[in-house]
Amino acid sequence: MIRLSALFSYEAIPLIRAVKRISSIQFEWLTPTALWDSFIQGKVDGILCPPLMAVHFPESLIVPGVGIATSGGVPAPVLYSRKPIHEIKTIFVGEQYKHWEDWLKVVWHLLNKNSIEKSLSITRDENGDVEACLVDGIKERREQEGIYLYNIGELWKQVSIYPLVCWVWLCRGDADYRQIRNVLGHVWDNAKENLTELKRGALKTEEIPEEFVTPMEGIEDIYYNLASLEFEGIHWLVEQACNCGVIPKGAEIHIC
């Protein structure tokens, strides 16, 4: 039995639905903290996680070919702000999206690289003196006058020429990564079919309340095939994260 887990995201639902159809796979959605602990303790063999998470597990291996990327936007999270992006200094990021913190710091640094006196603060207290909030843009639409809305994918396009790779499959170094890679290769066609249904607003699933399926925004540019360009983008992201001190110098990712 292969044990896989993932952090919840709307764009991952079609892929995970295909994964769960494989009888040899045991799957569970987990919170960021539970996912981290389960991977460290060997309770799961592989996880669907942001690329920068891989550098914290130096013995881990990224599965090539299958992941989640976008050439445009993402459904969630989105950044709501009372200020233009270049003026933001404090962002509220709740537990649900804390795995986006390193990415936010890198992108914010690249957006403000000519203003060395600036620094970004991440807080867990939304009631404090925050200028922006990273929230679920599907369920928490905030139609307020004077509020800026930034899609994560659109922010990425301001700093990078590469597609945004949101999620990769990461295997433990002591797991049977060849078997995991082989199994994930078999979900490819079904995952694409499910993704097409989600883009049409026709995918019925318990993870998405019915009222949010049809009007879902930011899903149209999502795709699941990670090729050379996507992995160049991942390596570029890791390099930028090292350069701005978000991760240690010399941190690396490894492909199985």
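Biologist: Hi! Which exposed residues does H5 carry on the face turned away from its buried side?

Modeller: Hi there! In this predicted model, that face of H5 carries Arg 178 and His 186, and both are exposed.

Biologist: And which residues of H5 are buried?

Modeller: Those are Ile 180, Val 183 and Leu 184. Looking down the axis of H5, you would find its buried residues within an arc of 100°, so they line one face of the helix.

Biologist: What do the buried residues of H5 pack against?

Modeller: Quite a list! They pack against the strands E1, E2, E4 and E10, and also against helix H1 (13-19) and helix H6 (188-199).

Biologist: Let's go to the sheet, then. What's the order of its strands?

Modeller: The order is E2-E1-E3-E10-E4-E11. That makes an open sheet of six strands, and the pairing is mixed.

Biologist: Which strands stand at the edges?

Modeller: Strand E2 (25-30) and strand E11 (222-226) do. Each has a single partner strand, so one side of each is left without a neighbour in the sheet. From one strand to the next, the twist averages 20°.

Biologist: Okay, and how do strands pair in general?

Modeller: Strands of a sheet pair through backbone hydrogen bonds, in either a parallel or an antiparallel way.

Biologist: How many bridges join E4 to E10?

Modeller: Six bridges, and these two strands run antiparallel. Gly 67 is a handy place to look, as it stands opposite Val 168 in E10.

Biologist: Is E4 mostly covered or mostly open, and how many of its residues are buried?

Modeller: E4 is mostly covered, with eight of its 10 residues buried.

Biologist: New topic! Where is Asp 45 found?

Modeller: Asp 45 is in the loop between H2 and E3.

Biologist: Does Asp 45 count as buried or exposed?

Modeller: Asp 45 counts as buried, because its relative accessibility is 13% and the cut-off for buried is under 20%.

Biologist: What does Asp 45 touch?

Modeller: Leaving out residues up to four places away in sequence, Asp 45 touches several residues, among them Met 1, Phe 39, Leu 170 and Arg 172. Ile 180 is also one of the residues that Asp 45 touches, and Ile 180 is one of the buried residues of H5.

Biologist: Nice link! Now, at what angle do H3 and H8 pack?

Modeller: Helix H3 (residues 101-111) and helix H8 (residues 228-243) pack at about 75°, and their axes are 10 Å apart. That makes H3 roughly perpendicular to H8.

Biologist: Which residues meet there?

Modeller: From H3 you have Trp 103, Val 106 and Leu 110, and they meet Trp 236, Leu 237, Gln 240 and Ala 241 in H8. By class, this contact has six nonpolar residues, one polar residue and no charged ones.

Biologist: Last one: which residues of H4 are buried?

Modeller: In helix H4 (residues 152-159), Ile 152, Gly 153, Leu 155, Trp 156 and Val 159 are buried. They cover an arc of only 155° around the axis, which puts them on the same side of H4.

Definitions and conventions:
Residues are numbered from 1 along each chain as its sequence is written. This is a predicted model: local features need pLDDT of at least 70, side-chain atom pairs count only at pLDDT 80 or more; totals for chains, interfaces and linings use all residues. Side-chain values use heavy atoms; hydrogens and water are left out. Axes are lines fitted to C-alpha atoms, for helices over the stretch in contact, and angles run from 0 to 180 degrees between N-to-C directions. Helices (H or I, at least four residues) and strands (E, at least two) are DSSP runs, numbered from the N terminus. Angles under 35 degrees count as roughly parallel, over 145 as roughly antiparallel, 65 to 115 as roughly perpendicular and the rest as oblique. Contact means heavy atoms within 4.5 Å. Ala, Val, Leu, Ile, Met, Phe, Trp, Tyr, Cys and Pro count as nonpolar, Asp, Glu, Lys and Arg as charged, and the others, Gly among them, as polar. Two strands pair if DSSP finds at least two bridges between them. Buried means under 20% relative accessible area, exposed over 50%, partly exposed in between (1.4 Å probe, protein chains only). The arc is that of the directions from the helix axis to the C-beta atoms.
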